[in-house]
Amino acid sequence: MQPNPYTPGGRPRVFVGRDAERAQLRDRLARVIAFGEMAGPLLVVTGPRGLGKTSLLRDVADQAAADGFVVAWVSGVKRRPILRDVLQSVTGALERADVLAEPRTRSRIKEYEVQLHFGVGRVGAKFEPQSTTDAPPLSQYVVEAFFETASNAVRERGGAGLLVLIDELHAPVEPRSARDSTADPEAQYEIALLLNVIQNMDAQRERFPLAVIGAGLPQTMGLLTRAATFGERAHEIILAEFDERTSQEALTEPAAQLGVRWEPDAVINAVESAAGYPQALQIVGSAVWEAARPERDGRITAEHVVASAAAFEQRVSTMFHTRWDVASPAERAFLRAMAEIDEPVVHRRDLADRLGVTSDELSVPRRSLITKGIIEAAGHGKMRFTIPGFGAFVRDRDSE
């Protein structure tokens, strides 16, 4: 059997869909390539979990690296300051790309390393960030100077520029709890500082051959704005579920790269079971592939889809259970009421009536469930489950 192209790390790596979003991101980076200037304000890709935000960033990283960018990648951690991680990732990327071979550039980066209270050992030593309780506040001026030196060093070495990718951008500034909307003060300070730095660099874009792109849950933009008013100037790309055509391509194109063809009935049945949800498409693709075990020039049939149904349902159920298990008792009552209404979009007033509470009393569990990625806002006073089929899972669970 050939490698499973639907599993993480499977080969070949084929990115399907998101053509409009990819075009927007390419246009941003094209400015850096052509003019050696800042790509623009912070750009944030948002959407519920499972819609492919990280995959999109990975695709951007691969293309940017092919175009001559030095790419630094960071993932945010819940309520933990992030800026020092960003700067450390940039320096590591410069080292790997051999950008710091020039002594003057290395010396300047080392100077900033000292000022930012990273390790003070020999030149070129790995960063050893001190604990956040010992480290002094980062200087906006020094952070800007660091980015200027780093991005121009790439350009001077013949590269396109510097690309900084920040996944899970919402995580550092998540509220402490559903009832306490405050974030970790130091994490919020560093996000605010980063936003201010990006704003200042964009105002002097000719000095910075640089792009900064983030990804996070739907609440990311609100959390950024709460950290700093400049957050509202970030640009947002909102991801949605795949349409039928893209869903079909997400299944057929990876297989085609290995010389395997999906029969029309098979792909239609598989797409229907995933309901346009990218993570479910990956799950069904993997389950069908394992059932079919195709070789080159092989076919995937409707019988293979049927044979994979139990494995698909088990894996999707695991995904549902993971979401259910993190919900509190009050949040589970909220989810049950949503499931019982059994509509694609649930009105807040209908949910309040079913639970016998006021609309205001829904605020705390609603906010928490949005933070956990289980539900999302669907318009004023409306909400929906982020995963297709989750409502049916809750109803079936309660009927057992």
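1. Helices (H or I, at least four residues) and strands (E, at least two) are DSSP runs, numbered from the N terminus. Please keep in mind that this is a predicted model: local features need pLDDT of at least 70, side-chain atom pairs count only at pLDDT 80 or more, and totals for chains, interfaces and linings use all residues. Residues are numbered from 1 along each chain as its sequence is written, and side-chain values use heavy atoms, with hydrogens and water left out.

2. How confident is the predictor? The pLDDT, its confidence in each residue from 0 to 100, averages 88 over the chain, and 91% of the residues score at least 70. Confidence is highest in strand β3 (residues 161-167), at a mean of 98, and lowest in helix α4 (residues 103-115), at 81. Over residues 118-136, however, the pLDDT is below 50, and this stretch has 32 contacts in the model beyond near neighbours in sequence. Contact here means heavy atoms within 4.5 Å.

3. Back to D202: is this residue buried or exposed? D202 counts as buried because its relative accessibility is 13%. The cut-offs are under 20% relative accessible area for buried and over 50% for exposed, with partly exposed in between (1.4 Å probe, protein chains only).

4. Leaving aside residues up to four places away in sequence, D202 touches M38, G40 and P41. G40 is 162 residues from D202 in sequence, yet their C-alpha atoms are 5.7 Å apart. The side chain of D202 also makes a polar contact with the side chain of R205, at 3.2 Å. A polar contact is a pair of N or O atoms within 3.5 Å; within protein, one must be able to donate a hydrogen and the other to accept it, and residues adjacent in sequence count only if both atoms are side-chain atoms.

5. Helix α10 has 15 residues and reaches 21 Å from its first C-alpha to its last, close to the 21 Å expected at 1.5 Å a residue. That expected span is 1.5 Å times one less than the number of residues. Of the 15 residues in α10, 11 are buried, including W289 and A292. The buried residues of α10 pack against α8 (244-256), β6 (261-262), α9 (264-274), β7, α11 (302-307) and α12 (309-325).

6. What follows α10? The next residue is R293, with a positive phi near 50°, in the loop between α10 (278-292) and β7 (299-300). R293 counts as exposed because its relative accessibility is 53%. D297 lies in the loop between α10 and β7 too, and has a positive phi of about 70° although it is not a glycine. With a relative accessible area of 69%, D297 is exposed.

Conventions:
pLDDT is the predictor's confidence in each residue, from 0 to 100.
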